[in-house]
Each structure stands twice: as structure tokens, then as C-alpha cells.
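Good morning, and thanks for coming. Please have the sequence and the structure open while I go through a few places in it.

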Amino acid sequence: MSSDDRIGDGRPVSPSEGDPAAGVPPSGYPEIKSLLTLAVAAVVVATLYFAQDVLIPVTLAVILSFVLSPLVTMLERIGTSRAPSVLLAVLMAFGVLALAGTLLARQASTLATEAPQYARAIEEKVRGLELYAVSRLGWLASPFGIATSAPIPPSTSSPAAVARSQGRLTGAPPGTASRPILVQIAKPEASVLPVVGSILAPILAPLETTVIVLVIAIFILLEREDLRDRFIKLAGSTDLQRTTVAMNDAGARLSRYFLSQLAVNTAFGIIVGLGLWAIGIPSPALWAVLAGLLRFVPYVGAVLATAAPLALAVAIDPGWRTALEVAALFILVEPLTGYVVEPLLYGHSTGLAPIAVIVAAVFWTWIWGPIGLILSTPLTLCFVVMGRHIKAFEFMDVLLGDRPPLTPADSFYQRLLANDPDDALEKAEALLADHSLLDYYDTVVLQGLKQAAYDESRGLIAPAQAAEMLRSMAQVFDDLDDHRDVQSASTGPSDPPARTDRVVACVAGRGPFDDAVSAMLVQLLARQGAATRRVRHSAVARDQIAQLDVANIAVILLSYLDMTGASSHLRYLIKRLRQHAPQATIIVGLWPGDAGDDESNARLNAIGADVYVKSLREAIEASLAAISSERAGPLRPGVTR
């Protein structure tokens, strides 16, 4: 949140200059825009569901184009023109898909013929487990006098019992065998076309989808620059330079990620297939391809890929050794791939929040079925990359990305509003592991106080709440007083000042949060060996300034978070301080950053301070320079830092 946008002539007046409730938006019914957004979202979801026959091939073609784009670029660099490069890359992809499809068809047909036998074996093992569980429960329950019964096995009635039952049903005397009625079902004569259609239907449907995907991918690769320019025109035509750079960067990142993920998952599937073949699992190539595809789904993909081979291992082995070997294979290969290979290749993080991955998997499975489960992570990643580079889609990065939704300054301010100093301190300690206390105060706390001062000026923070927030900040400052910075180049000034008999008086402005800035300055200056004094704003009022002890005060450091309507007040305050402490150098901290251009400098020079600073680091450096100088007099008037 930029502080420069919150100050100046366009900023709302303070509560003392107008109605405090004027800045608070009135409550009312939902806006038409929100209702339209919900309606558009519902239409989009319905379109995704009902148009899946069209959208799934298009989506697969887009992802395939990202995967093949580096190969096309490489072929173009060696001298091949665009069209032959695209055709060669697509033919290679088609060859791989055809080979994999043929292998999978053979493996699936072999498995289908033996599936009933495997099902019966699994059923018998499950029944054995039930009997074992009941026997163990009976052994545990017997001391308590609780009776247990074994599961009833399937009926194995004798032929005599069957005959007696049939006699009762037909009314024949007992012992008399009844003759069954012969029924013959005549099948209609089958024609050739329906038979051919039933045979080719399972083959033509996947082949048709594959051809559509490849054709669309060809045109995307041939016209990728034109498609990029059209998307840029729609998404960011007002800033072509930034949008073009963002789109090129996003496309390159997605291509590298998809290609790397494809390579990792392919290697994972090959290793799993070889392991299952060595163990003796039927159709290992089928399970290898399934494992590679399901691994596109983070967290749960490998678990889903384990289920089918594990069930098959239970079916083919009378014992449990094969099942344990299959489980051990996946338990060994998946962590090795996820925590060793992926971080070395392209980093472990996908850029997606864990909850977003799970929700996306559920959503896309509901919309598009199993293919949606496999495409859920690539699709969600595309949306997150768009959100990070295009302003119109920023909400996708906030909802689905793994980056913190709040900046450290926003998080600090939110913790103060929630009156939770412990959480604010925990976040501070995490940041201080890599940053100095001065940097943390400058980039986090000071920015959070700017937001607090702005909201207070609009009447959104009541005086009682502001006092509570100040107490929370005081607790954080006290706990951080013992922090020792990691030695680095960014820790700020480290040499103690040459003169320690000169005092820096940190005077708070008239805002409720200005005193918190003075507390930070006192703490930071004390860490540099300077003598400091914290002066509240009431002590420099017209009727109180005469009692202010200015002995040995070499620097007066004023802090103002809110400059709205405060120019005249600051000018008269500096005038009083000049009269009461003429030997002191007066430094004004304009934390909103109202300095830099000629107009601002001219307005500040009229106020009459010696130095104007815009950060705590500049304030510390200016104060140390003033008290270390040979002469205690003020610096050159009108200097801005």
C-alpha cells in the first residue's frame, strides 16, 4: 500500500476538521456489480461443465503447446523454419502417444481377462481378514462374557435340499423330482455395421480426441506470437511494455515447469513400472503410466496411484509379502522424487497454496471427471501465473497462490487491530532472522503506522482503540529491545558517536501514533550509543514548553506521520523550539514522505527545520552526524535527505 497516494491535497480531512463519520462508507444492500460478478461466475462454471467436450481438447492442446514450445524453439535455432519445426515436434509427440496407447491397450486387454479371478481372490482374502478379526475380538471379549459370532459363509445347500425346496414351490410330493421348463432365447440376426461400430467405438473416441488436440496445438504453435499479442491487447493494452515482458516471462516459466514436471513424472512412472515388473505385478506398464499421470496431482496423486497395484498384489499372492513390497516401492520412490529430485531440478514449490491444490483437484474432478483431476494442477498454475503478471487477474494469485496475501507491514497493522502483540512479535522474530532491527522498523512497523495514522485521520480508529494499539506496540518494542542484529552490511550505523554528552530529544507529533515512532527512534539511537530523551507532544505545547529542560540537547527530532493540515502547526512548533533551544539542530521526520520535488522542498523550507528525513535510517544518520560534529550548532538549513 503506497503511502504517497495517501497524503497531499487530495487526502480526506482529519476528524478535527470535519465529520469523523464522513469517511466511513454507509452500509447498504449488495451492489449490482457484486451480483453481476456472481452471475458471471455461475455462467462460467456452467459453461465449463456443459462444454467439456470442446474445452478439454482445447485445454490439452494449450498445455501441450507449452510443453512443445521449447522443442520448437530449439529446432528453429538450428535453422529449421517455423512450420517444419512445429510439424516435427507434433509428430514426435503423436508417436510417443501412439506407442503408449498401443502398449496400454495390450496391457489392459490382458488384465481384463483375468480381472474376475483377481476379484474372487481379493474377496476371499477380505473374508479371511473378517474371520481373523472376529476371532481376535472373541478372544478379547471372552473375559467380559460377551459372545461373538463368526460371519455366515455363503450358502452351500445340498442337491437334496434344493430338490425339497423345488418340490415345495411346485407342489410335487416329497421325493419326486420336478422337471425344469426349458426356455430358449433366440438372438436376432446381427448386421455387420453395428458389430463393426461396437468394435471401433472404444478406439475411435480417444483417437478423435488425440487428433483434435494435435491439430489445435499445431495452430497454437504456428500463431503463438499473434495469440500472445491478442491476449496482451485484452489484458493490458494500457501498458504494453510491462504486459509484454510479463507474458513472455510467464510463458517461459510455464513451459519450463511443464516440461520439467513431465520429465520428472515420466521418470517416476518408469521407475515404478520397473519395480512392479521386478516384483511380479501383472501389466506393469499400465500402472507405470497411471502413476506418471496421477503424479501431476500433488499430495494425493502418488497415493491414488498406489491403490490399484496394491490391490492386485493382494490378489496374486496368497500371503502379504507382495503387497508389502509394492507399498515399500512407492514409499521409497515418491519421497525421493519429491524431496530430492524436484528441488534440484526446478524447486519443490509449485507456487500454489496446499489448500488451493486440494480444492482445485475436487473442483476440476467434479467438472471434467478423471481428466480434470490430472489437469487440475496445471490449470490452477496457469491461473496463478496470470494473476501474478496481469492486474485484472490478481485475485487468482491471492486466492490460489502460495505467497502471503498480506505484506509484512499489512500483517503487522492487522495484528495491532486484532490486539495480538504475541503474533506480531512472532512474525517480527521470523523477519529479524534475515534483517536488522532498523530495517524491520523502517520497512514494516513504520509502514504499518502510516496506515494506522491514515485510518485514524478518517475516523476509523477510535481513541480507545488507538490507545490499546499503542500498548500492544509498546509490548513489541520492549520485547525487541534485547534483539541483536546479525552482522551484515545492512545493519546501519555501528560506530558510537564521538560525543556522548549531547542529547537527542525525540519529540512526538500531535497524532496518537507519532509517539510510537519516537519510541522506536529512542531505542535505535540508544543502540548506537547516543544519549536520548523521549518527549511527548504535550510537553512542547505553548503553556508547557517553558518547563522543558533543554540542557545538553543538541538535536530535536520531530516525528509526523500525518501532515494533513499540520504545516502551520509544525511551523509554529519549530519556531517555539528555536526560541527555547537555539543551539539544537531540528530534524523533522516526514514519514509520509512529503519531500523530494521542488514544490515540496519550497514548502518545507518555509517551515524552518534544518533537516528533513523520510526514513528511520536517515533520521539515525542525521542525528548521529549532528551530535558527532565539532560544533553543537545547527546544520545548514533546508537540507532534505
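**From a loop residue to the strands**

Thr 80 is partly exposed, because its relative accessible area is 29%. For the cut-offs, buried is under 20% relative accessible area, exposed is over 50%, and partly exposed is in between, with a 1.4 Å probe and protein chains only. Before going on: this is a predicted model, where local features need pLDDT of at least 70 and side-chain atom pairs need 80 or more, while totals for chains, interfaces and linings use all residues. Residues are numbered from 1 along each chain as its sequence is written, and side-chain values use heavy atoms, without hydrogens or water.

Back to Thr 80. This residue sits in the loop between helix 2 (52-77) and helix 3 (82-141). Helices (H or I, at least four residues) and strands (E, at least two) are DSSP runs, numbered from the N terminus. Setting aside residues up to four places away in sequence, Thr 80 touches Leu 75 and Ser 85, where contact means heavy atoms within 4.5 Å.

Now the whole chain. It has 21 helices and six strands. Of its 641 residues, 37% are buried. Take the contacts between residues at least 6 apart in sequence: 75% of them join residues at least 24 apart. The accessible surface is about 36500 Å², and carbon and sulfur atoms account for 64% of that. Those areas come from the Shrake-Rupley method with a 1.4 Å probe; for residues, only the protein chains shown count as cover.

Next, helix 8. How many of its eleven residues are buried? Eight are, so helix 8 is largely enclosed by the rest of the structure. Among the buried ones are Pro 284, Trp 287 and Leu 294.

The loop between helix 7 (240-279) and helix 8 contains Ser 283. Its phi is near 50°, a positive value in a residue other than glycine. Ser 283 counts as buried because its relative accessibility is 8%. Asn 419 is not a glycine either, and has a positive phi of about 55°. Asn 419 lies between helix 14 (408-417) and helix 15 (421-432), in the loop. With a relative accessible area of 38%, Asn 419 is partly exposed.

Is Tyr 299 buried or exposed? It counts as exposed, because its relative accessibility is 55%. Tyr 299 belongs to a nonpolar surface patch of about 650 Å², together with Val 300, Leu 304, Ile 355, Ile 358, Val 359 and Val 362. Helix 11 (residues 354-368) gives the largest share of this patch, four residues. Patches take residues with over 30% relative accessible area and no salt bridge, joining like charges within 9 Å and nonpolar side chains (Val, Leu, Ile, Met, Phe, Trp, Tyr) within 5 Å. A salt bridge is a side-chain nitrogen of Lys or Arg within 4 Å of a carboxyl oxygen of Asp or Glu.

Now the strands. Strand 1 (residues 503-508) runs parallel to strand 3, with six bridges between them. Strands pair if DSSP finds at least two bridges between them. In this pairing, Ala 505 is opposite Ile 556. Strand 3 also pairs with strand 4 (residues 585-590), again in the parallel sense and over six bridges. There, Ile 586 is the bridge partner of Ile 556. Strand 1 is also joined to strand 2 (residues 531-535) by five bridges, in parallel, and Val 503 stands opposite Ala 531.

In a regular strand the side chains alternate between the two faces of the sheet. On strand 1, Val 503, Ala 505 and Val 507 cover one side and Val 504, Cys 506 and Ala 508 the other, and all are buried. In strand 3 (residues 553-560), eight of eight residues are buried.

Last, the cysteines. Cys 506 is buried because its relative accessibility is 0%, and Cys 382 is buried at 13%. How many disulfides are there in the whole structure? The search finds zero, taking a disulfide as a pair of cysteine sulfur atoms within 2.5 Å.
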